[in-house]
Amino acid sequence: MLLSVKDLKIQYKTRTGIVHAVDGISFDVPEGKVVGIVGESGCGKTTAVRSLLRVMPPVASYAGGEIKFDGSDILKLSEREMNDLRWRDIAYIPQSAMNALDPVWRVGNQIIEVLTKRGGMKKAAAKLRAEELFAMVGLEKKRLRDYPHQFSGGMRQRASIALALALSPRLAIADEPVTALDVIIQRQVLDTFSRLQREFGLSVVLVTHDISVVAYVCDYVVVMYAGKIVEKGPVKDVLTSPSHAYTIGLYNAFPELSADEERELSPIEGGPPLLLNPPEGCRFRERCPFAQEICKQEPVEVQVGPEHFSLCHRAHEAAEMREQARDPAVWRGVVTA
Amino acid sequence: MPQAIEPMGTASTDQTAAALLPHLATAPRRSGLIAMLGRAGNAFWRVPRESNYAKVGLIIYLIFALTAIFADQLVHYEPLEILFADNYQLRRNLPPTTDHWLGTSYSGRDIYSQLVMGTRSALAVGLTAAICVVAIGTLVGLVAGYFGGWIDNLLMRLADIALGIPFLPFVIVLASFMGAAQSNVVLGIALLLWPNSARVIRSQVMSLRERAFIEAARVTGAGKWRILFVHIAPNVLALSFLYTSVAVGWAILTEASVSFLGFGPSDTVSWGYMLQDAYASQALGRGQYNWFIPPGLCIVFVVMAGFFISRGYEEVLFPKLKG
Amino acid sequence: MSTTRRQFLGTSASAALIASLAGVPKAALAQSVSPVRALTLYSRAQAANPQQYQAAELIAQAWGDLGLDVTVSGLPQNQLSDVVWYNRDSWDVSMWQMVGRPERSDPDDFVSNLFHSANIESGYNFVGYSNPEYDRVAEAQRLVVDRDARQALIYEAQDIVNADQPYVFLVYPTKSYAYNTAVFDDTTLVNQPGLGIKNFLSFIAVEPKGDQKDLIMNVSNELNAINPYYISGAGDSWMTELIWDRIMRIDADGLPTPWAAESVTWNDEGTLATIVIRDDLSFHDGMPVRVEDMIFSLESPQRAGVAPMYKPFVDPIVAMEKLDDRTFTVELAQPNAAFETSTLSKVNIVPEHIWAPLLDALVEGETAESVLEDSRVGSGPFKFDRWNQSEVVLSAIPDHFAAAKVDRVIMRVVLNVEASLGMLRSGELNFLTDYTGDPQLLKDAADADDSIAVVDVTDIGFQFLGFNCRRAPFDDPAVRRALSFAINRRLIAGAAYNGFGRPANSHVSPALPFWYNAATEELPVGIDVATAMLEDAGYSIVDGQLHYPAGMTEQY
Amino acid sequence: MHDEILLDVKNLSKSFILSRSLGDVINGRHPQVDAVNDINFTLKRGETIGVVGESGCGKTTLGRMLLKLIEPTSGSIDFGGEDISTLDRTDELAFRRRAQLVFQNPFDALNPHFTIRRSIYEPLVNTQVPEEQHDQLVADALVRVQMDRMLHLLDSYPHQLSGGQLQRVVLARALVLKPDFIVADEPVSMLDVSVRAGILNVLREVRDTMGLAAVFISHDLALVRYVCERTITMYMGSVVEDGPTKDVINRPLHPYTRALVQAVPVPNVIQSHEPLALTGNLPDARNPPPGCRFSDRCPLAEDICRQSRPPLRTVEQNRRVACFKVPEMTAGTA
Amino acid sequence: MKYVMSRLLYAILVLWIVGTILFFMFRLMPGSPLAAFIDQTTTLEQQQALIARFGLDKSLFQQYTIFLQNALQGDLGQSFFHRRPVTEVVMEALPNTVILTLSGLVVAYIFGVLAGAYLAWRRGSTVEGIGIPLALATRAAPEFWLGMVMLAFFSFYLGWFPAGGANSVGLEYDSEWTRIFSVDYLHHLTLPVLTLAIYLQGLPLLLMRSNMIEILQEEFITMSKMKGLGSRTIVLNHAARNAMLPVATAFALGIGSAIGGNVVVETIFSWPGIGRLLVNAVSASDYPLAQGAFMIITAVLVAMNFVADMTYHLLDPRIRHAASN
């Protein structure tokens, strides 16, 4: 296992109290595989993946757990060792490359900076390498001389991918890499990304809120809700037989181009709970049409298939729930608050 | 011309809607303006609670305001009265005593009384000038930012011109042209300082203008003046307030500088006047720190209080805004 | 006319007395008399002249006790001139000053000009004082060549002014000068009446003790020109005096004595002077000083529009004639007692070869005042070296007949009075020639530092308050006297001038001891005296406000 | 549903003039961008049209023009038989009452200084609806957007609400005037997936119950399919395809529409993805390719495509397309 | 480019308008314009002659057109007081002012930028708790008062520095350059520069600090951390470089506004600069000179506003490209 996260907890100190943004998550990333992390905004997925690089806002802190990368615990490394590991082993592809690239540096120079400062290359060699990288992601080399604002959104994401691949890392963390893009561009970037992932044998943690992106590029999926992992497993298993009410709900809320025309979409009413003071028991309970008395107790992870786990008290009834969930009426009127 | 809209809904929805009616009728429906003022008031009081800067600034202002209000009770002498000893000698250059807390000036005047009375003119000049500056700035910013086009062009070129005029020299020339009066200093400040707030408010308005809720107002039929003053203006009020608190400082500094250079009125005691008097009367050489340090410190405190307040409000209300 | 006035005043005064005896309440009386309007007392702005402003405030306070409502208004110089000097009819009372200049060491300038009725329209008599008796005396003293006879006339002029009080004289300022005793031998300094140690004679006589052979003095104003045809301010005239010689110069006793001339002799009528010039004089460019240069110097200002400032000085001349290479005559229309002081000691001797072409080249409307003549060639004991914005440097001419003992004279512009004092202390200045600050501080500095010596001198000029004698109630000498007597001059001297001024009551300063009439000093002073005088003149103070005698009303 | 034409768009164009660079001045160029280029279509009462295309294709500009928020450069828009460009203030108010907008970003669409209540009442005040009707109309609107159980939110301020709640408020505000027509500009793109469906369902319901005509702007065909009967595809300011949604999605005629359909990701691992039959990026709008604007990315492009612009032609009943290559394609797939 | 031209055009327009406003203001000032140098003894005819000489007998409009024509040729008239061409008088004072302002600004900005960056780095520390109020206090302190305190202490009390002027008495220099680069000049320059710098450093300090803090929170800085770049590289190459942009602009703007604001510092320290010239000219009603000095200050201000604009455009690629598009 290249990366193995165990019971990771991250807290935010705020004016009003401590927020448990990430509350004991565990997942693995096998060599050469793409693991998708899906969830609504604010569920802690970005915090979780940024913590893999030990880059967090000042108010955030680790509150437990371990992050094993290639056998060593990232949380125990010195800053120097960590810096050595960063980008050489774990690279990052940001959501908005517009903000992630230094606006006053030419894009090429930002790639060269990494190659020289971190990769120990000579400037001339770095330049050639940058051109190579640009070619790989489908950008013209003359674009190296441009500033980030001169790029279109798709080009910027491509540049970010080039930047991430500069030192041939083993793991890439991609945080919503195509969210801001139009469908066609999104698809093109994803295609490029997948191709390079395979070529490099890269392991990837890909954060997204879009199940279809997961379906398109991931091998494994981790579903997060309110700071916890509610379901995880191979993409095929999770998407064909979702075993947590939340996953089922997400699936039913998602409009599909090819699905049965008259099928009514079902929203999950309400919003995720405030992490400052989350409800006891299952955190999805208040929005869940299948919630029962037992759900007020803390759920435990249940294995529902090979490598497939669910954090639902009623995981064993998943097939039934999936059936019932097809009726939009089930989803209506859950929330009264 | 009010125009009625035909209700048209399905029977079932009508029923539910009818059930809502009493809730709508009984729910508190504060008039927009009061609600808005209430909200602005909340923000006003919220900031000092959240920011120490604002708190300190407001306390300093409060102290000076109280001093100005009760100045008559606080002073022992007329600030411009020339004081004599029994032997017809001036009570000049006295060190601080119980009778003259800060001593007396070269011309035999009580420095403490001048300092206290100076608070009045400082606040008067500061506040009137700041209000003029920000009122002009806000109005220009609103109009230029919202209407754009040639109006914007015209107003911004005016702003360029105003910014192209050296500020202090202009106020000096104006004071000597229109006569040495604090009102002329205020006029000079108002004429030249508005572009700063106008520019910021304009850009704020321009970004607000592109905001969806302004488009929403348009698409729901609001007229342009209504959009400008009901929808946009409240959003820049806090910014105006911010500029007011800074402008108070600039105005006081400017008045002091003008007075110091001898272009201020000689019949109104202000801190700048005191410093000018001290400088011209060689207080520096005489080492009369009791004379020229206190007025300077007062200026520093009042101006700094303005900076503190604006800083506090900026921190709390516009964390992203750059100074 | 004055008789009728006095009778009239007498009647109204007795009317008031009768009324009060009859038990008529004063308020009832007030109905028949009208109050004196509120007055504005003009002064220089406090910043520009704090002493004057303060004196004005003290006066306003004192007059308040007489029932006058007086506001002090401090104005910048130009605005004050505008109100008082150029619009002579519209003001009531104003502070003013007359400054001492070397040529004023003859009393003629003040005696003839200040109060002569011919000057009411646009001349020096801006207060509009008119007294035929005074005019007669003022004219007469000019024509009397005999000094004692002239002295009697000058005394009489002072008595008339003292009686009529067109001005409230306040003080003859005491000027303080300081120098560095470590640098200069103080026995060599010349103290001239009215001018003190800062004078031409001092500058050439003072002997340096050690290596510092530069005389470094200060001036507190910017200079605008150093031009022999122009007087712009105090500072540049000190320089012109050193660069350009004059036919005569004022000696230490205050009286003119031949300088560039070997002799100046007059005919018996006092209308023709024969002047023999020295033979050892040359201009700084090496050209000798000829009789022609002298005549040119006296004649050229007479030309229309050449030197407006010098024209009055040379106006008395009707003819000049060169007798030989060293002798020429100057003829006056009538005897002129002040001619030596204000003309022969005043007019700069300029090189004709430089200035004649320049004057010929003047175009219509231009004067010599505006000609920038950079070489500034004169024949004086110092020649001009350079002038940048902050200092003027002159260097001594060793072979001048009155060669200076110092090598250079440097005049430094120091606008800040505190800085000038600091520079004196630090030795950057060794001759404090222009000190406008607190004299006490200078004294303290001298006490603290052995090498600083201070010399005080009473000025020829004086500080005063002018009444606009054209306007009621100041057209009434009784009112002027009363208001004047209400002012305690000792208080003013002490409080406004910090004790550095001598109480004044005449337009001839005690700095000119021969001409000064000491009898004028006896003045009754006090609010009681003033109140009594006003009531005698028929005025009344009702409810704290001064009222005119019955029947008189304001026309303003 | 209805046959009456509500909206008739004729030759509608909008170009934005850009500031000139020095090069432009020297070459005498007046750079401009044709955001919308000669668009014609009609909208029947109660009909919902989806407008799809990538960002920058002009769909937002089109929507704003339909609501008289942007003045067209040329062409006309008739609404209920009247040209909306010539409305006076009274008529404009009447038009505003009938045509409303639902915004993309609910976090930005409400005045932060207004309470929710005030925002919902605001259109009634602005368009001078008699006051006695206000409560009734608001009640109706609240019911329609299923906010009748969230009355306590009325006195909150926007920052206190979640995105889904805000978008319902925005919908309520648009519906409170009981308009005949709304433009919904990407109404769910800023929302979390879990709440999107709620908004889409409201839109579907008001379409059905109020007989509302709508233009639904989106880049996501899946959403359009869920709400709209008819779909228009736009590319660089022009309509390239127009037809019933079902047909357009199942059998796209224009190669660009086809790429769009292919690009829509599927939340489904079973269904395989077709490779994308398209290359390159969007060309610079200031220098569009000559001929067919899509020619430089089109896998089918031939010389003619690069030389002249294909007109929008009716090729089947209810279907129009702007492509020279279409007849062959229809022959192939029909 | 078009932008540059239009800014330039506006700059000229501003100068023209300022000139016009000034012209009329000075002409309409109360008090005889000639009072400053007409001695009280001058006769009415002499006054008339002077009035004619300065063209004051012509109609306002004629005077105005003459003024404009001359101004276009760089002739700002004759100073009443100095009786020399205004341009000459002003140009003599200008180098002193420019040197004072530039030195003050450079000192202030070097200090301010470093201190600002340091405070940003030490965010939340005690240093910051003291540093920021102190910076605000120096900005709130009137320049002339700072100068007074400096004078009282360093000059009058300690006697370390001269009390005023630009050069010691009687020294002669071969050229303006040797004068300016003399130790003596530096000695005189120190206190005014220090005063100016203390007053001016607050702006760059606060600006730098807030920019740095904002930039340090930017995603691209986080990215740099993720790249494993050293904190020095991050702060210097990325944060500081971005944060400097507005500071550089402020510097150029500062030259303009400080030259106008130097009036008081120059007065306090008797610095023979253009500000003091202006104050003296205004007090003396020497309006050709006051007008000239004002115009020159305006020209500098407008030019610096222009430079500031350009700097920003040159330094920030985002704006650079936006402008050319």
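A residue counts as exposed when its relative accessible area is over 50%, as buried when that area is under 20%, and as partly exposed in between. Glu293(A), at 59% relative accessibility, is therefore exposed. The structure shown above is a predicted model.

- Side chains of opposite charge can pair when their charged atoms come close.
- Over all chains, the count comes to 77 salt bridges.
- One of them joins Glu293(A) to Lys296(A), with a distance of 3.5 Å from N to O.
- Lys296(A) has a relative accessible area of 45%, so this residue is partly exposed.
- Another salt bridge is formed by Arg118(A) and Asp84(A), whose closest N and O atoms are 3.9 Å apart.
- This pair links distant parts of the chain, since Arg118(A) lies in helix α4 (residues 107–118) of chain A and Asp84(A) in helix α2 (residues 79–85) of chain A, 34 residues apart.
- Arg118(A) has 8% relative accessibility and therefore counts as buried.
- Asp84(A), at 43% relative accessibility, counts as partly exposed.

**Salt bridges in chain C**

- Arg471(C) and Asp92(C) form a salt bridge in which the closest N and O atoms are 2.8 Å apart.
- The two residues are 379 residues apart and link distant parts of the chain.
- Arg471(C) sits in the loop between β19 (462–467) and α16 (477–485) of chain C, while Asp92(C) sits in the loop between α4 (77–86) and β3 (93–98) of chain C.
- Arg471(C) is buried because its relative accessible area is 9%, and Asp92(C) is buried because its relative accessible area is 7%.
- Chain C also holds a network of salt bridges that links Arg290(C), Glu292(C), Asp293(C), Lys322(C), Asp325(C) and Glu352(C).

- Two packed helices are described by the angle between their axes and the distance between the axes.
- In chain B, helix α10 (residues 224–260) packs with helix α13 (residues 289–317) at an angle of about 165°, and their axes are 9 Å apart.
- An angle over 145 degrees counts as roughly antiparallel, so α10(B) and α13(B) are roughly antiparallel to each other.
- The crossing of α10(B) and α13(B) is left-handed.
- In chain D, the axes of helix α4 (residues 116–126) and helix α6 (residues 163–175) cross at roughly 25° and come within 7 Å.
- An angle under 35 degrees counts as roughly parallel, so α4(D) and α6(D) are roughly parallel to each other.
- The crossing of α4(D) and α6(D) is right-handed.

**Nonpolar patch on chain B**

- A nonpolar patch on the surface is formed by Leu62(B), Leu66(B), Ile69(B), Phe70(B) and Leu74(B).
- Together these residues have about 480 Å² of accessible area.
- Helix α3 (residues 52–69) of chain B gives the largest share of the patch, three residues.
- Leu74(B) belongs to helix α4 (residues 71–74) of chain B.
- With 35% relative accessibility, Leu74(B) counts as partly exposed.

**Make-up of chain E**

- Chain E has 14 helices and zero strands.
- Of the 325 residues in chain E, 59% are buried.

Technical notes:
Residues are numbered from 1 along each chain as its sequence is written. Chains are lettered from A and ligands numbered from 1 in the order in which they are written. This is a predicted model: local features need pLDDT of at least 70, side-chain atom pairs count only at pLDDT 80 or more; totals for chains, interfaces and linings use all residues. Side-chain values use heavy atoms; hydrogens and water are left out. Patches are made of residues with over 30% relative accessible area and no salt bridge: like charges are joined within 9 Å, nonpolar side chains (Val, Leu, Ile, Met, Phe, Trp, Tyr) within 5 Å. Accessible areas come from the Shrake-Rupley method with a 1.4 Å probe; for residues, only the protein chains shown count as cover. A salt bridge is a side-chain nitrogen of Lys or Arg within 4 Å of a carboxyl oxygen of Asp or Glu. Helices (H or I, at least four residues) and strands (E, at least two) are DSSP runs, numbered from the N terminus. Buried means under 20% relative accessible area, exposed over 50%, partly exposed in between (1.4 Å probe, protein chains only). Axes are lines fitted to C-alpha atoms, for helices over the stretch in contact, and angles run from 0 to 180 degrees between N-to-C directions. Angles under 35 degrees count as roughly parallel, over 145 as roughly antiparallel, 65 to 115 as roughly perpendicular and the rest as oblique. A crossing is left-handed if the near helix is turned anticlockwise from the far one by less than a right angle, and right-handed if clockwise.
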